[in-house]
Each structure stands twice: as C-alpha cells, then as structure tokens.
Amino acid sequence: EFGSGERIGIVGRTGSGKSSMVLAMARIIEPKSGSITIDDINTQKINLDFLREHLSIVPQDPFLFEGTLRENIDPLRKYSDDKILKVLNDFCLFNELNSKEKLELEIKENGKNLSPGQKQLICFARAVIKNNKIVILDEATSSLDHETEKTIKINMEKYFKNCTLIMITHHLSMVKDFKNIIVIDKGEIIESGSYSELMSNKIGAFSSLNQEK
C-alpha cells in the first residue's frame, strides 16, 4: 500500500519481477488473481485509456516517433508553446536553438538522430507536462551519464514533489532519500524500509545489492 505523495523505490536483481509491477499497473498484463486499486477504485473496472492517461510512465527504453519535438512532447496538442518550452529549458534540451527551432526540431523514427540521454530527457519532459499524480520510472536512469542523471534528479525534486512516485531502479543512489524502499526477488517482497534501515542489515538483500555495485 502506497500513500498519496509517497516516494517508493523498487529494487532487485534482473528478472526479480520489478517491471512486471509496472505492466500490471498499466494493465499491459492482467492479473490472474488479486487486484490493483487506486483511491479504492479497482483498475480492472475502469476504462483502459482513462487509466493509462492518468499514469505517467517513463520506461527504460524511450519511445519516440517521427515528427517534431513539439509533437513528441505533446502529441494531442493540449499545452501551449510557452509551457512546453519551459519544460524543455528545465531539462536543458537543445538550448543552442531558438524557441521556434526547438519546437520544430525534426525527430527521426525512434529518435535515431538523438543521443540516448536526449531521448530519455524528452520522455521525462513528456511525463512532466502531463502533471499526473502517479509517476512511474521503470529503470529510466539505467543508461544515463552523470550529468543527465543530475538534471533528472533536479527536475524530479521540482516537478514530482507532490506526486506518488514509484521508481524502479538498480541505481541505489537514486532512492537514497526515499523512506519506503521495497526489495523484490522472484516476484515476492523480501525486504522493505528506508535506505538507512536496509543498509543497517549487513546480511540483508539490499546490502548485498549495494555491495555488487
């Protein structure tokens, strides 16, 4: 059970079942038993498009489509140019371009003309502008350089501070300030607690994960 506005870290080895939680929350896979509820509403009983529209998910492998940068940030054209530019500036994206050039920047299929860091920052900007109350980061910082990761952490503090934030990661430093960290193995929760609590158990699963880094 996650509280409103809580930050939850979900960690574990590859194949432990971390990402399956995201797939279940977004109903990409349906549960065989049990249920997932948000504000006491069973997610299996609400419209699928409505559910996914109200979850912001940043995946490990960023998805971009062929079109302009503006279209990739705001495909349904819900937001003003000024709002989009503000988010792009905060994420330090293409600051060498003027406003019009930035919005009309051509993105090739799957962002093949961009760096991995740029693609991931665009996905973060897309999540930020939706302003949803539930944000899920699924290994979203796994392949980023230090500067890009730093930019993301700064903007997480700015934009996600009032969100329920679920971060799935193997970068344990990313969840160092979280009060609720869950360790998963073979689809089961085997440990939970704050970073300091889990690290104090020298023979625990979390300490073991930390030693492997």
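View 1. Helices here are DSSP runs of H or I with at least four residues, strands are runs of E with at least two, and both are numbered from the N terminus. The model is a predicted one, in which local features need pLDDT of at least 70 and side-chain atom pairs count only at pLDDT 80 or more, while totals for chains, interfaces and linings use all residues. Residues are numbered from 1 along each chain as its sequence is written, and side-chain values use heavy atoms, with hydrogens and water left out. Within α1 (residues 18-25), the buried residues include Lys-18, Val-22, Ala-24 and Met-25; buried means under 20% relative accessible area, exposed over 50%, and partly exposed in between, with a 1.4 Å probe and protein chains only. The buried residues of α1 line one face of the helix, because they fall within an arc of 165° when seen down its axis. That arc is taken from the directions from the helix axis to the C-beta atoms. The cover over these residues includes β1, α2 (48-53), β4, β7 and β8 (164-168), where contact means heavy atoms within 4.5 Å.

View 2. Six strands make up an open, mixed sheet in the order β4-β7-β8-β1-β9-β10. Two strands count as paired if DSSP finds at least two bridges between them. At the edges are β4 (55-58) and β10 (188-193), each pairing on one side only. From one strand to the next, the twist averages 20°. Strands β1 (residues 7-11) and β9 (residues 180-185) run parallel and are joined by four bridges; Ile-10, for instance, has Ile-182 in β9 as its bridge partner. Helix α9 (residues 205-212) packs on the sheet, where it touches β1, β9 and β10, and its direction makes about 85° with that of β9. Helix α6 lies across β4 and β7 (134-138), running at about 170° to β4. These angles run from 0 to 180 degrees between N-to-C directions, with axes as lines fitted to C-alpha atoms, for helices over the stretch in contact.

**View 3. The nonpolar cores.** Have a look at Ile-122, Leu-137 and Phe-206, the residues with the most contacts inside the largest nonpolar core, which has 46 residues. Helix α6 (residues 116-130) gives the most to this core, with eight residues. Such a core is a set of buried Ala, Val, Leu, Ile, Met, Phe, Trp, Tyr and Cys residues joined through side-chain atoms within 4.5 Å. Leaving out residues up to four places away in sequence, Phe-206 touches Val-11, Leu-172, Ile-181, Val-183, Glu-191, Tyr-195, Leu-198 and Met-199. A second, separate core has 13 residues, among them Ala-26, Ile-134, Ile-166 and Ile-168.

**View 4. Thr-164 in strand β8.** Thr-164 lies in β8 and, at 11% relative accessibility, counts as buried. Residues up to four places away in sequence aside, Thr-164 touches Gly-3, Ser-4, Gly-5, Glu-6, Ile-8, Lys-133, Ile-134 and Val-135.

View 5. In α4 (residues 81-90), the buried residues are Ile-84, Leu-85, Val-87 and Leu-88. Seen down the axis of α4, they fall within an arc of 160°, so they line one face of the helix. Covering them are elements including α3 (69-73), α5 (99-103), α6 and α7 (146-159). Just after α4 comes Cys-92, with a positive phi of about 55°.

**View 6. Cysteines without a partner.** The disulfide count comes to zero, a disulfide being a pair of cysteine sulfur atoms within 2.5 Å. The sulfur of Cys-123 is too far for a bond because the closest cysteine sulfur, in Cys-92, is 17 Å away. Cys-163 is in no disulfide either; the nearest cysteine sulfur, that of Cys-123, is 17 Å away. Cys-123 counts as buried at 4% relative accessibility, and so does Cys-163 at 5%.

**View 7. Phe-63 in its loop.** Phe-63 sits in the loop between β4 and β5 (67-68) and is exposed, with a relative accessible area of 53%. Beyond its neighbours within four places in sequence, Phe-63 is in contact with Asn-110, Cys-123 and Arg-126. Its C-alpha atom is separated by 9.3 Å from that of Glu-109, 46 residues apart along the chain.
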